[in-house]
Amino acid sequence: MEAAARRRQHPGAAGGPGSQLGASFLQARHSSIKAEEAEHTAPFHLDLWFYFTLQNWILDFGRPIAMLVFPLQWFPLNKPSVGDYFHMAYNVITPFLLLKLIERSPRTLPRSMVYISIITFIMGASIHLVGDSVNHRLLFSGYQHHLSVRENPIIKNLKPETLIDSFELLYYYDEYLGHSMWYIPFFLILFMYFSGCFTASKAGNSMPAPALLLVAPSGLYYWYLVTEGQIFILFVFTFFAMLALVLHQKRRRLFLDSNGLFLFCSFTLTLLLVALWVAWLWNDPVLRKKYPGVIYVPEPWAFYTLHVSSQH
């Protein structure tokens, strides 16, 4: 009698017709949402991709150049440099553009993962800001990027020797911890966005002319990011994950839209440029010593201090 009373109070319980109807409704709704997401083709986000590429070139690539170009009297060594202000602007603008990019994704992406990735990105980029600021200011004191910390002439004779450990800790924060917390969430966000750039319509499977013009500067910037950031393994893993996703979706008759195609072409160009860069410097004995092991991808600034600034 108690069980019967419970069933009368909750007619959808115990597998009743109410629960079956609700489950059928939710399943149909979920399927319709997936179908709508697959059929919807997002237009090419020219404004976001243009701003993204422009600020990457100015605020990230141009940051160390600005530090060398602007007179030292304007930005003393005991104060933030112009490059540091560039980095601060990058740490604010890039997360904002990434969030705007996620907002325009045709597919609903996991919000918690997006928020955690953005927070980690900002923290990693901020750690890198401090370490990179000191390391680049050391250039004015004779620091050479193509040498390790302990082999640098201005470092190896410091007394007490524990000071050298402090500089190595600074280098670790800059080149390892900062880069990891900066770039892993960065590529994760791009991959999550890329996963939503598929459509059932072949009409959107092409790039407009402005997108074609942006592929070269975008791919060239990612080459700088991969080589200077020493994140070749992370980049290759992301690229082949994207390639695997493209092949998987092709079997389901889903194709990349113009935004996904732009990102994939940019990464393909980056991979080609990295291969050419490594082949060009393959037999450089000094850089080989700094970058031992199987993965040999020299940093552009190490090349600059070795072959360009040393001649002037």
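The points below go through the fold, the salt bridges, the surface patch and some backbone details of this predicted model.

1. Overall make-up. The protein chain has 11 helices and 2 strands. Read from the N terminus, its elements follow the order α-α-α-α-α-α-β-α-α-β-α-α-α. The chain holds 312 residues, and 45% of them count as buried.

2. Helix 4 against helix 5. Helix 4 spans residues 82-103 and helix 5 spans residues 111-137; the two pack at an angle of about 165°, with 10 Å between their axes. Because of that angle, helix 4 is roughly antiparallel to helix 5. The crossing of helix 4 past helix 5 is right-handed.

3. A salt bridge within helix 3. The count of salt bridges in the model comes to 9. In one of them the side chains of aspartate 60 and arginine 63 meet, at 2.8 Å from N to O. Both residues belong to helix 3 and sit 3 residues apart, about one turn of the helix. Aspartate 60 has a relative accessible area of 2%, so this residue is buried. Arginine 63, at 5% relative accessibility, counts as buried too.

4. What does arginine 63 meet in a salt bridge of 2.4 Å, N to O? The partner is the side chain of aspartate 132. This pair links distant parts of the chain, with aspartate 132 in helix 5 and arginine 63 in helix 3, 69 residues apart. Aspartate 132 and arginine 63 are both buried. Taken together, Asp60, Arg63 and Asp132 are linked in a network of salt bridges.

5. Arginine 150 and glutamate 168. These two residues form a salt bridge, and their closest N and O atoms are 3.0 Å apart. Arginine 150 is in the loop between helix 5 and helix 6, whereas glutamate 168 is in helix 6, so the pair ties together parts 18 residues apart in sequence. Arginine 150 is partly exposed, at a relative accessible area of 38%. Glutamate 168 also counts as partly exposed, with 30% relative accessibility.

6. The other features of helix 3. Leu46, Phe50, Tyr51, Leu54 and Ile58 make up a nonpolar patch on the surface, and their accessible area together is about 460 Å². Leucine 46 is in helix 3, which covers residues 46-69. Its relative accessible area is 37%, so leucine 46 is partly exposed. Alanine 66 is in helix 3 as well, but counts as buried at 7% relative accessibility. The C-alpha atom of alanine 66 is separated by 8.8 Å from that of phenylalanine 86, which is 20 residues away along the chain.

7. A cis peptide bond. Between lysine 159 and proline 160 the peptide bond is cis, with omega near -5°. Proline 160 is in the loop between helix 5 and helix 6, the latter being residues 162-195.

8. Positive phi values. Glutamine 230 is not a glycine, yet its phi is positive, at about 55°. This glutamine lies in the loop between helix 7 (209-229) and helix 8 (232-251). Glutamine 230 counts as partly exposed, at 34% relative accessibility. Arginine 253, also a residue other than glycine, has a positive phi near 65°. Arginine 253 is in the loop between helix 8 and strand 2 (255-256). Is arginine 253 buried or exposed? With a relative accessible area of 65%, arginine 253 is exposed.

Conventions. Residues are numbered from 1 along each chain as its sequence is written. This is a predicted model: local features need pLDDT of at least 70, side-chain atom pairs count only at pLDDT 80 or more; totals for chains, interfaces and linings use all residues. Side-chain values use heavy atoms; hydrogens and water are left out. Patches are made of residues with over 30% relative accessible area and no salt bridge: like charges are joined within 9 Å, nonpolar side chains (Val, Leu, Ile, Met, Phe, Trp, Tyr) within 5 Å. Accessible areas come from the Shrake-Rupley method with a 1.4 Å probe; for residues, only the protein chains shown count as cover. A salt bridge is a side-chain nitrogen of Lys or Arg within 4 Å of a carboxyl oxygen of Asp or Glu. Helices (H or I, at least four residues) and strands (E, at least two) are DSSP runs, numbered from the N terminus. Buried means under 20% relative accessible area, exposed over 50%, partly exposed in between (1.4 Å probe, protein chains only). Axes are lines fitted to C-alpha atoms, for helices over the stretch in contact, and angles run from 0 to 180 degrees between N-to-C directions. Angles under 35 degrees count as roughly parallel, over 145 as roughly antiparallel, 65 to 115 as roughly perpendicular and the rest as oblique. A crossing is left-handed if the near helix is turned anticlockwise from the far one by less than a right angle, and right-handed if clockwise.
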